[in-house]
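I opened the notebook to record what I looked up in this structure. The entries follow in the order I made them.

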Amino acid sequence: MNSSGQPVHPGGGTPGHGTPGHGAVSQAASSVRWLLDDFLGSVAGVVDAVVVSSDGLLLADSRDGSRSEQLAAIVSALTSLAAGAAGSMARGAVKQTMVTMDQGHLVVMAISDGSCLGVYASLECDLGVVAYQMALLVERAGHALTPQVRSELHRAMAVR
C-alpha cells in the first residue's frame with residue numbers, strides 16, 4: 001500500500017487499467033482484482049479465490065478459470081445457509097464459514113458491504129495464516145467495493 005492506501009504492484013506503481021485477461025476497468029476495480037491475485041500468489045496453499053456480491057454474482061476471481069462461476073455459486077449458497085442458521089439461532093451476523101474436505105478447505109469471509117470472499121485452500125495450508133490474510137484482504141477490498149465498483153466488476157466478469 002502506498003501513502004494514500006492504494007495497493008502497490010511488486011514492480012512499483014499502483015494497479016492500472018486493463019488487468020491482463022480482464023479487459024479495461026477503472027483503477028478501483030483493477031485494485032480489487034490485483035489484491036485478489038496478490039493474495040493467491042502470496043499465501044501458501046491458496047488454490048483459488050473469488051469475491052461474490054450479496055446477491056450471488058461473481059465480482060472478481062483470482063484467475064481465469066472455468067471453476068470460478070461454480071465456486072461463486074457454492075460460496076453464495078454456503079453464505080445463504082450460514083446466514084439462515086445464524087438468524088434462526090439469533091446469534092448475530094456470520095463472520096466466517098469453513099468447510100473441511102478430504103483434500104482441502106473452503107473458507108468464506110464476509111466483506112462489509114454484504115459481499116464475501118471465498119477461498120479454496122489445500123489441506124496442507126496453515127489455516128491460521130490463510131484466515132489472517134483473508135481478514136486483511138477483506139478489510140482492503142471492503143473499502144474499494146463501492147456500489148459503482150461492484151457494478152463495474154460484475155459487468156466486466158459478464159463479458160469474459
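This is a predicted model: local features need pLDDT of at least 70, side-chain atom pairs count only at pLDDT 80 or more; totals for chains, interfaces and linings use all residues.

**Entry 1: M134.** Which residues is M134 in contact with, leaving aside its neighbours within four places in sequence? I found F39, V107, V108, M109, L117 and V119.

**Entry 2: the largest nonpolar core.** I then looked up the largest nonpolar core, which has 30 residues. M134 is among the five members that touch the most other members; the others are F39, V51, L117 and V119. I listed the elements that each supply at least two residues of this core: helix 1 (27-42), strand 1 (46-52), strand 2 (58-61), strand 4 (104-110), strand 5 (116-122), helix 3 (127-144) and helix 4 (147-158). The largest share, seven residues, comes from helix 1.

**Entry 3: helix 1.** I checked the length of this helix next. Its 16 residues should span 22 Å at 1.5 Å a residue, and the end C-alpha atoms are 21 Å apart, so the two values agree. Which residues of helix 1 are buried? I wrote down A29, S30, S31, V32, R33, W34, L35, L36, F39 and L40. The buried residues of helix 1 pack against strand 1, strand 2, strand 5, helix 3 and helix 4. For my own reference: an α-helix has 3.6 residues a turn, so residues three or four places apart point the same way.

**Entry 4: D61.** I moved on to D61, which has its place in strand 2. Is D61 buried or exposed? The cut-off for buried is under 20% relative accessible area. D61 counts as buried because its relative accessibility is 0%. Its side chain makes a polar contact with the side chain of S68, at 2.7 Å. I also compared D61 with R33: the two are 28 residues apart in sequence, and their C-alpha atoms are 7.1 Å apart in space.

**Entry 5: V75.** My last stop was V75, which sits in helix 2 (residues 68-89). V75 has a relative accessible area of 0%, so it is buried. What does V75 touch, not counting residues up to four places away in sequence? I recorded V50, V52, L106, V108, C116 and G118. L58 is 17 residues from V75 along the chain, and the C-alpha atoms of the two are separated by 9.8 Å.

Technical notes
Residues are numbered from 1 along each chain as its sequence is written. Side-chain values use heavy atoms; hydrogens and water are left out. A nonpolar core is a set of buried Ala, Val, Leu, Ile, Met, Phe, Trp, Tyr and Cys residues joined through side-chain atoms within 4.5 Å. Buried means under 20% relative accessible area, exposed over 50%, partly exposed in between (1.4 Å probe, protein chains only). Helices (H or I, at least four residues) and strands (E, at least two) are DSSP runs, numbered from the N terminus. Contact means heavy atoms within 4.5 Å. The expected span of a helix is 1.5 Å times one less than its number of residues. A polar contact is a pair of N or O atoms within 3.5 Å; within protein, one must be able to donate a hydrogen and the other to accept it, and residues adjacent in sequence count only if both atoms are side-chain atoms.
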